[in-house]
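Hello,

Here is the structure for you to look over. My notes follow below it.

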Amino acid sequence: SRKSGLIEHAGGNIVVDVGSGGGVLLDKLEEKYGDKRIIGTDISENVIETLRNKKEKEGHKYDILKHNFVEGTLENKADTIIFSSIMHEIYSYTEYEGERFNIKSVRASLKNAADSLNKGGRILIRDGVLTDSRKKYSVSFKTKEGVEFLKNYINDFRGLKNLKDESGNWLKNKVSLSKDNILNADVNFIREFLYTYTWGIESYPLEVNEQFGYLTLKEYCGLLK
C-alpha cells in the first residue's frame, strides 16, 4: 500500500500523477523513471503555481498541468495514470449533479482516465475501500479528550450517507454513544473515525469532510468493468 510500491507498476513512456499536491509522488517517479515523461496534474491553481515554483527551484524535468478528470479527458494521451490517495477526495469534495459523496464523480473520473490512455495503457489506484462486513463493534476511550473528539466527529462527519436517515441523522442501530461513552457502531463508521482520530486534531478540519472508504473491492471491480 506504499507509494513506492505503487509506482513499480507504472508502464509506458508517459506517466500522469493525478492530484499531485506537494509533488512527493512526482519526485519518486522522476527518480525512478528518468527516461519517461512525467506529468503532474491538479485542479487547484494555487497548487499548480506551487508545483511550478518547486520544479524551477529544484530543477525537475516533469511537467505540470491543470486538469480535472471529473470534467474531461487529457488533451494528449498517456500510458499510465495514477490516482494515489486522490479518488476518495474526488468522491468527498466534488459536487457532481449538485451532490457531494456521489459515486458518479468516481465513475466519471475513471471513464475519462480510461479514455485518456494509449492502447495498452493502465490506471493505478491506491485508496481506501469499504469492508464487506456489516458487523457492529464497540470502542471505549481512556481519556475525556478522546470522548470529546468522538462527539465532535459524530456531529461533523459528512460521509457514510447510507448509515443516516433522510434528515441526515445517524441511524441509532448503526451509530450510537452510550451513557458511559462507549461507541457502538457499524465497522465502516469506526474505521472512518479511527482514520481521523489517529491523524490528530491538526488535520481534523479536512479529514472530517472526507470519506476514505467509498466502495468495496467487489464494487470497485464492478465499476471498473
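Is tyrosine 33 buried or exposed? Tyrosine 33 is buried, at a relative accessible area of 10% (buried is under 20%, exposed over 50%, partly exposed in between, with a 1.4 Å probe and protein chains only).

A word on the source. This is a predicted model: local features need pLDDT of at least 70, side-chain atom pairs count only at pLDDT 80 or more, and totals for chains, interfaces and linings use all residues. Residues are numbered from 1 along each chain as its sequence is written, and side-chain values use heavy atoms, with hydrogens and water left out.

Tyrosine 33 sits in the loop between α2 and β2 (helices are DSSP runs of H or I, at least four residues; strands are runs of E, at least two; both are numbered from the N terminus). Leaving aside neighbours within four places in sequence, tyrosine 33 contacts Ile7, Glu8, Ala10 and Ile38 (contact: heavy atoms within 4.5 Å).

Next, helix α2, residues 24–32. Its buried residues are Leu25, Leu26, Leu29 and Glu30.

Last, α5 (103–114) and α9 (217–224). Val106, Arg107 and Leu110 in α5 meet Tyr220, Leu223 and Leu224 in α9.

Best wishes
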